[in-house]
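Subject: Structure handover

Hello,

Here is the structure for you to look through. Open it first, then read my notes beside it.

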Amino acid sequence: MPSLAVDVDNLTHRYGERTALDEVDLSVHEGALFGVLGPNGGGKTTLFRILSTLIRPTKGTATVFGVDVRDRPDAIRKRIGIVFQSVALDAELTVRENLRTHAALYGVSRRGLDERLDVLLPQFGLVDRVDERVSMLSGGLKRRVDLVRGLLHAPPLLLLDEPTTGLDPAARHSFWETVDRVRRNEGMTILLATHSMEEAERCDRLVILDRGAIVANGTPEELRQGVGDETLWIECSDPRAMADSMTSRLNVDTVVIGSRVQVSDPNAHNVLPALYEAFGRDIHAATIRRPTLEDVFMLHAGRSLEDADTTPETPDR
Amino acid sequence: MMYTVTALWRRELIKFLRDKSRVGGAVLQPLVVWLLLGFGFRDTFQLPSSTGTDIPYLEFLFPGMLALVALFTSIFSTISIVEERKSGFLQAALAAPVSRSVLVLGATLGGTTLAVGQSGLFLILLPFLGPPPTVAGLALMLFVLALIGLAFTALGVTVAWKIRTTRGFHAVMNLFLIPLWVLSGAFFPPTGAPPLLQWIVRLNPFSYGVDALRTAMYWPGPAPEVATSLAVSLPVTIVFTGLMFALAVRSVATPIAPE
């Protein structure tokens, strides 16, 4: 059995009355890219704060490389690198000055830093930007510098907390290219908190964390399979009423997912004409397609990820 | 550990020096206050006690002005803690494998250096005021300024840790700082004040720093209008600084106030 980078068991955390994490279980194998998908306020940040030993859990256990977060926080801190939602860099300092300060926080010597930068900067395309002030860099470049910052002490586990917040699609793409490249070279485990379906698709495994509880757990493929294979999706204004009458009049299995009715019938194609005949006026659109992670989220959370994001957590954008 | 402290200290200095408005503001504001008050009260001011010496108000106000520079520079060097509450450097520093006291030490030594540097700049005015300064006197003044700087950077850290907005930080600090300064014997000699005010001045820990500065300014000669001798004012200032530092380390050990 491959060893575990992260093992979380029955983890519960409360802020006063509010339960931020509710009996969460998850395990991350070494070398994996593991995703935690969920809306803002779903518990992702709390989970990360516990794993990085910033707060102590109310109940349950969490271990990082076999070390309990309550026992030896410093042993864990040395082995993880963290990239936060907002970059942890001083704008008026140069890239090198920033990295120097952070290296010192992790006990990386001047010499060690120079050697590490020789390895990292070319991979990040930052060699000729290293003496520029951070305030002069684009958002995408800042993120890359911030990623270098998280990797200075060569941590075997990297925590990425919504690392592409505020980036445009091109910068997002190039950020992930960089992550993939570094991952191939360094082989570290990555735990990614995200609410982007596109990023969740990149993961080897993922959990869906909603309202502090894990509602689904598996590979992206498994999770989609859980919703069904290629099926028929009906969009309409009153999906629940539509689903009921479909079941009673046409004898097909239906599931309501968000604003859509999923018709789980192997012969979806054959049902379609009958459906149109019966409900033509109420159907806005009908599609036959494979489920997406968005559908998975809606099935388990009962609402779309977008609707769940009612309280954005990042006021600093 | 020293390596980390040095790196944090360096960071504070670079940040300060790159912020031109901060550099200018920290020098000009106290200078203007000093000159306006000094010339404004020049003819009306009179020392209450009959020490035999009569010194101009500009000269009387000088140690207080130095203390004021140290006070403001140190306190406001900690404002970035409020700004970086949920973003930036602070969250990464708190997640790093260093003890909180190292973080506090790095930040406060940075603030202290700025305080000593800024107020030390004003010492070039010293030869134009009062008796010629001695090396021992100058060294003593710098030492006291460092103590004041350290104490109030530490206090700034404690307050910044508990306050959510920079606006709140300014409000709390102005509420604190102005009375602290005015009622320290820096602005008027307490001996001529009503007994209640005299008591307040005596209870104000900052008074002892100002007293020590005033004593050092005339060292080794007698200083006008000091309430306590160096044997009292210096130890009190040292103990106060230690307390403020311990308080800062203690507050930083608790989680930062949430957004």
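How many helices and how many strands does the secondary structure of chain B come to? Chain B comes to 11 helices and zero strands. Helices (H or I, at least four residues) and strands (E, at least two) are DSSP runs, numbered from the N terminus.

First, some ground rules. This is a predicted model, in which local features need pLDDT of at least 70 and side-chain atom pairs count only at pLDDT 80 or more, while totals for chains, interfaces and linings use all residues. Residues are numbered from 1 along each chain as its sequence is written, and chains are lettered from A and ligands numbered from 1 in the order in which they are written.

**Confidence**

pLDDT is the predictor's confidence in each residue, from 0 to 100. Chain A has a mean pLDDT of 89, with 96% of its residues at 70 or more. For chain B the mean is 88, and 95% of its residues reach 70 or more. The predictor gives the complex an ipTM of 0.84 and a pTM of 0.85.

Within chain A, strand E3 (residues 33-37) has the highest mean pLDDT of the elements, 97. Helix H12 (residues 305-308) of chain A has the lowest, 77. Look out for residues 311-317 of chain A, where pLDDT stays under 50. The model has 13 contacts beyond four places in sequence for that stretch. Two residues are in contact if their C-beta atoms, placed from the backbone, lie within 7 Å.

**Chain B**

From the N terminus on, the elements of chain B run α-α-α-α-α-α-α-α-α-α-α. The C-alpha atoms of chain B fill a box of roughly 60 × 35 × 35 Å, taken along the principal axes. With 259 residues, a compact globule would have a radius of gyration near 18 Å, and the 19 Å of chain B agrees. That radius is taken over C-alpha atoms, and the globule rule is 2.2 Å times the number of residues to the power 0.38.

Of the 259 residues of chain B, 45% count as buried. A residue is buried if 20 or more other C-beta atoms lie within 10 Å of its own, exposed if 12 or fewer, and partly exposed in between; C-beta atoms are placed from the backbone. Take the contacts in chain B with a separation of 6 or more: residues 24 or more positions apart account for 80% of them.

Now find helix H6 (residues 100-121) of chain B. H6(B) has 22 residues and reaches 32 Å from its first C-alpha to its last. That is close to the expected 32 Å, which is 1.5 Å times one less than its number of residues. Of those 22 residues, 16 are buried, so H6(B) is largely enclosed by the rest of the structure.

**Strands in chain A**

Two strands pair if DSSP finds at least two bridges between them. An open sheet of four strands in chain A has the order E2-E1-E4-E5, with antiparallel pairing. Its edge strands are E2 (18-29) and E5 (67-68) of chain A, each pairing on one side only. Strand E4 (residues 59-64) of chain A joins E5(A) over two bridges. There, A:Val64 stands opposite A:Val67.

Strand E11 (residues 231-236) of chain A runs antiparallel to strand E14 (residues 283-289) of chain A, and six bridges join them. E11(A) also has four bridges to strand E13 (residues 260-263) of chain A, again antiparallel. A:Leu232 has A:Ile288 as its bridge partner in E14(A) and stands opposite A:Val263 in E13(A).

**Where the chains touch**

The contact takes 21 residues from chain A and 22 residues from chain B. Helix H2 (73-79) and helix H3 (95-105) of chain A each supply at least two residues of the side of chain A that touches chain B. H3(A) gives the largest share of that side, six residues. The residues on that side of chain A divide into nine nonpolar, four polar and eight charged. Here Ala, Val, Leu, Ile, Met, Phe, Trp, Tyr, Cys and Pro count as nonpolar, Asp, Glu, Lys and Arg as charged, and the others, Gly among them, as polar.

Most residues other than glycine have a negative phi, and most peptide bonds are trans. The peptide bond from B:Trp219 to B:Pro220 is cis, with omega near 0°. B:Pro220 lies in the loop between helix H10 (205-218) and helix H11 (230-253) of chain B. B:Glu225 is in the loop between H10 and H11 of chain B, and has a positive phi of about 60°.

Best wishes
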